[in-house]
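The entries follow in the order I looked things up.

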Amino acid sequence: MSFADVVAVARLHAPVTIGEEALERIRTARMVIDRLAVDDSKKVYGITTGFGHLSKMRISSDQQVELQYNLIRSHAAGVGEPLPEEVTRAMMLLLAASLARGHSGVHVEIVQTLADMLNAGICPLIPSRGSVGASGDLAPLAHLALTLIGEGETIYQGKKMWGAQALEQAGLKPVGLHTKEGLALINGTHLMEAIAVLAIVDARVALRSAEVACAMSLEGLLGSHVPLDERIHHRRGQAGQVVSAQRLRQLVRESAINASHQNCARVQDPYTLRCAPQVLGAVRDAIEYCATIFERELHAVTDNPLIFPDEGDVLSGGNFHGQPLALALDMLAIALAQLASFSERRVYNVIGPHDWEEKGAETTLFLTPHPGLHSGLMIAQYVAASLVNEIKVMAHPASIDSIPTSAGMEDFVSMGVTSAHKLRRVIEQTQQVLAIELLCAAQLLDFRLPLLPGAGVQRARELVRAHVETLTNDRVLSGDIETLVQLIQSGQIAEIE
């Protein structure tokens, strides 16, 4: 799978099918479990034993099915608001894909029913809180598994109903669990990874949108193009910096505004203009590092124990531990916090004027044609500052904390789902900050007319103006900001070159 595949299923409801090779892998792995299930003399974690600290307890063959149902019901202890539909759908897809790799020992019916639920639009209601991100996302996945066995709550065709009712209305049947299948359903990093994949796609769009907003502010503030010279950036050699500098150069090319102030007295611009490639490039590098972690996890099997059919081995390990994802999720939140903070500082400069601006080039304070009677964009910057303050609080890493669970058996946990939930809010609020910069920068560019900015920046200004009118008199700005958030989310700003 690719990130695009996950997004297509999670957000666009693309159909899901299971290939013949995957079906054969699933069946082969299940045969190993079936042989072990009838042999009470062998001690195999989760098959002939209990779970976690209870793994010392032996389970006879006639209790193994009951054990799987008990596991799902007892672990469905989540709390809080339900996960968004797109996250739940991504979870279901990732779980199905992991099981289909043939190392989990489930029957084909489990994977097929997950695919059928996705295709029918059945969405389990999964409480968002309860996972410590270590022995898999146990509580959230248990709530997902409840729907498979006909229990728990779901949303189907816009209505809340029990799992059995939703399955019946969709022409499906609850699955009957067999040995090891309950454990396979709830061991795994699928909630963390679901949020991570959607977040990395949104983060890339946010970064490219931030470059456009930055170029608009650079032009509006009569910033120098010299710091974008490729020779400067190749002498440092940081990959993201080189790419961001090249993109900014592309956006401001053929600028009449730039030509108009070639002989100005200003020697240097503020860092949010002059060091834009360095800061935006660092964010770009961080995003791409996190993408490599999340991409590896797309192809992983994070169940436990794992079945290796070729050797007939069942090995108990720790692939369910979320630490690789937790660290990357926290890093991504930190990178986006810098992106938002960087943008807010430009907003502050854009609604100037400031003492470092050239005499005669100043604009009115808060970019209103009628200062005093009208407040213009004054409070837009307050809102951006408020958002950045909250983002900075959420950027504190969750993965540096650990609270032992399972009577000390799970003595170091990742807290990766906390990292993931924080990241979702950071992305949402970063988009809002960037929308505010687009709003303010477009207004400043209107003040520079009839001089036009670079070709890419001009396209961006025209796109903003197609959705939000120039501010001539004070009006409610919340709707304008939300409109531009949606424009960012659509990817149209990010696509501008």
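I looked up E288 and found it partly exposed, with a relative accessible area of 33%. This is a predicted model. E288 forms a salt bridge with R204, and their closest N and O atoms are 2.8 Å apart. E288 sits in helix α14 (residues 276-298) and R204 in helix α9, so the pair ties together parts 84 residues apart in sequence. R204 is partly exposed as well, with a relative accessible area of 32%.

I stayed with salt bridges and noted that the structure holds 23 of them. One joins the side chains of D202 and R11, at 2.8 Å from N to O. D202 lies in helix α9 (residues 190-220) and R11 in helix α1 (residues 3-12), so this pair ties together parts that are 191 residues apart in sequence. I checked how accessible the two partners are. D202 counts as buried, because its relative accessibility of 18% is under 20%. R11 is partly exposed, at 29%.

Next I took R266 and D269, whose side chains meet in a salt bridge at 2.6 Å, N to O. Are R266 and D269 buried or exposed? R266 is buried, with a relative accessible area of 16%, and D269 is buried at 6%.

I also wrote down a network of salt bridges that links R208, E211, R247, R284 and E497.

I turned to the strands. Three of them form an open sheet in the order β2-β4-β5, with antiparallel pairing. β2 (123-124) and β5 (159-162) are at the edges with a single partner strand each, so one side of each has no neighbour in the sheet. Strand β4 (residues 153-156) runs antiparallel to β5 and is joined to it by four bridges. I looked up E153 and found that its bridge partner in β5 is W162.

Then I looked at two helices. How do the axes of α17 and α18 cross? Helix α17 (residues 416-448) and helix α18 (residues 455-467) have axes that come within 10 Å and cross at roughly 110°. That makes α17 roughly perpendicular to α18. On the α17 side I listed L438, A442, Q443, L445 and D446, which meet V457, R461, V464 and R465 of α18. The residues of this contact divide into five nonpolar, one polar and three charged.

My last entry is S343, placed in helix α15 (residues 323-350). S343 counts as buried, because its relative accessibility is 0%. Leaving out residues up to four places away in sequence, S343 touches V433, L434 and E437.

Methods
Residues numbered from 1 in each chain as written. Predicted model: local features only at pLDDT ≥ 70, side-chain atom pairs only at ≥ 80, totals over all residues. Heavy atoms only, no water. Buried < 20%, exposed > 50% of the residue type's maximum accessible area, 1.4 Å probe, protein only. Contact = heavy atoms within 4.5 Å. Axes fitted to C-alpha atoms, helices over the stretch in contact; angles between N-to-C directions. Parallel < 35°, antiparallel > 145°, perpendicular 65-115°, else oblique. Nonpolar A, V, L, I, M, F, W, Y, C, P; charged D, E, K, R; others polar. Pairing = 2+ DSSP bridges. Salt bridge = Lys/Arg side-chain N within 4 Å of Asp/Glu carboxyl O.
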